[in-house]
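Please examine the structure below before reading on.

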Amino acid sequence: MSTEALLRVGADVGGAATSRRLSIDDALTQHAGEFGRWQLRHFVLVTAAWALEALHTMVIIFADREPAMWCPAGEGRCGNQCAGAAAGWEWVQGSASSTVAEWGLVCGERYKVGLAQAIFFAGGMVGAGVFGHLSDSFLGRKGALLVACILNAVFGLLTALSPNYWVYVALRLITGFSTGSVGLCSFVLANEPIGPSRRGMASMFTFYFFSGGIAILAGIAALFQSSWRLLYVVTSLPSLVYVLTVLSFVSESPRWYLVRRRADDALRVLRDIATANGRRIPDGVTLKLDDEGDDKDFEDPSTAASSTGSIIDVFRSRTTRVRLVLSVLINLFCSVVYYGLSLNVVNLKTNLYISVVVNSLAEMPAYLLTALLLDRFGRKPLGIGTMLLSGVFCTIGSLIPGDDGTMRLVRMACGVVGIFGMAATYNLLFIYSAELFPTVVRNAALGCTSQAAQMGAILAPLVVVLGERVPFAVFGVSGIIGGLLVFYLPETMNKPLYDTMAGLEEGEKTLLK
């Protein structure tokens, strides 16, 4: 063998001795840091998008409200209220105060209010699936969030110009298409750069931004009670501001880079994380997917096919197929209760703005409690407990007789406990569902669970119109059934966040040995 060949072999042996191939979880744990300054900044910037979703979703509570009417001629001198102005009635805050007042959506036309709300959530159901696939494929997590926010801003502003009810409904459908994916894309992008032991705790703080957005919305709506069109303008502009001022400071997920065979970009992000956290990744470290051995050379990103998956791949595997079906059903029941209790404020006969703020604030202790208990008891016990808590108290609320002030107050208290429990579940399901599926199909699977949640949101307004006690009975049954279904999901606490389907299958087999 020539001297040159011997030197080459020696160099190869020396390089092999110093090089290390790590998964992203291992790189974060051993070198970059699981949750440091970089992850905190990234998490806050990305998760702020949840507040935008709250603005676009819950604005219907105020824009589609039914304002009070009065008779200028004096009490008893006007005709049937359903006839409106023709019978002498006028809206207290003017006809521009809500869509109901402007287009006369009362009495026989009242169903159109629920229809508009249901169609919005129907758009969200479709959009969650579409954007879930796009964010797993060429668009990426950040790209999908960018597109969704732009669409929200554009169509939210166009909604304010609606000349009639049907144009309004069409624009709400399109807005729902993009809004339904904002939380999904934001959640995955915010949590994928976080290390395994800190991911659960961080994820539980996501919904603070959503509840905070609802509280802010109530304040904004109180200032613009006289114009529902202006309310849509004010709640749509923040999405545009977010795109122009915040997203440019957000990095793409290193996990998405890696499954797309862009290992250099993934490693670059991890080195940025390490630098910001005051740490360092050694020069010899390279990245691998979890189904690759340590001795396998990583393919050239320019020649290797990217690792992508679709919802079809989820159904091909029995493990992920069962998980997906259960997650879909659980998210459906959870959403019926959560959105139902949120929209049910119209049946409480109290100040609408104060009631919405109280409901949003009631959710926040639930997030703190689950964040504190998540890594102590695990995802599964908390999911079971919070859903059953909500279901039991909603059932109690449905059994309370009478419509006097005291009974309504007791029923409202049951509803507060119900939304406390279901808000905790709703938040928990995001981190739980994300951990059940590998990176290559995570957003596609979460898109399906989000679609199920949107279906629950479609059904919620239809349940609310049934009165005061019947909705509580439906919410109670939904919560109890959902809690029982969680029993059949596996625990994911302290398990790795798998990258590929093969890695998940192999990992689950290892755990069963």
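The paragraphs that follow begin with the basis of the model and then turn to the cores and the cysteines.

This is a predicted model, in which local features need pLDDT of at least 70 and side-chain atom pairs count only at pLDDT 80 or more, whereas totals for chains, interfaces and linings use all residues. Residues are numbered from 1 along each chain as its sequence is written, and side-chain values use heavy atoms, with hydrogens and water left out.

A nonpolar core is a set of buried Ala, Val, Leu, Ile, Met, Phe, Trp, Tyr and Cys residues joined through side-chain atoms within 4.5 Å. Buried means under 20% relative accessible area, exposed over 50%, and partly exposed in between (1.4 Å probe, protein chains only). The largest nonpolar core comprises 96 residues, and F62, F210 and Y232 are among those with the most contacts inside it. Apart from this core lies another, of 21 residues, including L22 and A266.

A disulfide is a pair of cysteine sulfur atoms within 2.5 Å. The whole structure contains one disulfide. C82 and C107 form it, with their sulfur atoms 1.8 Å apart. The link of C82 and C107 is left-handed, with -80° about the S-S bond. C82 is partly exposed, at a relative accessible area of 43%, and C107 is also partly exposed, at 41%.

C185 is buried, at 0% relative accessibility.
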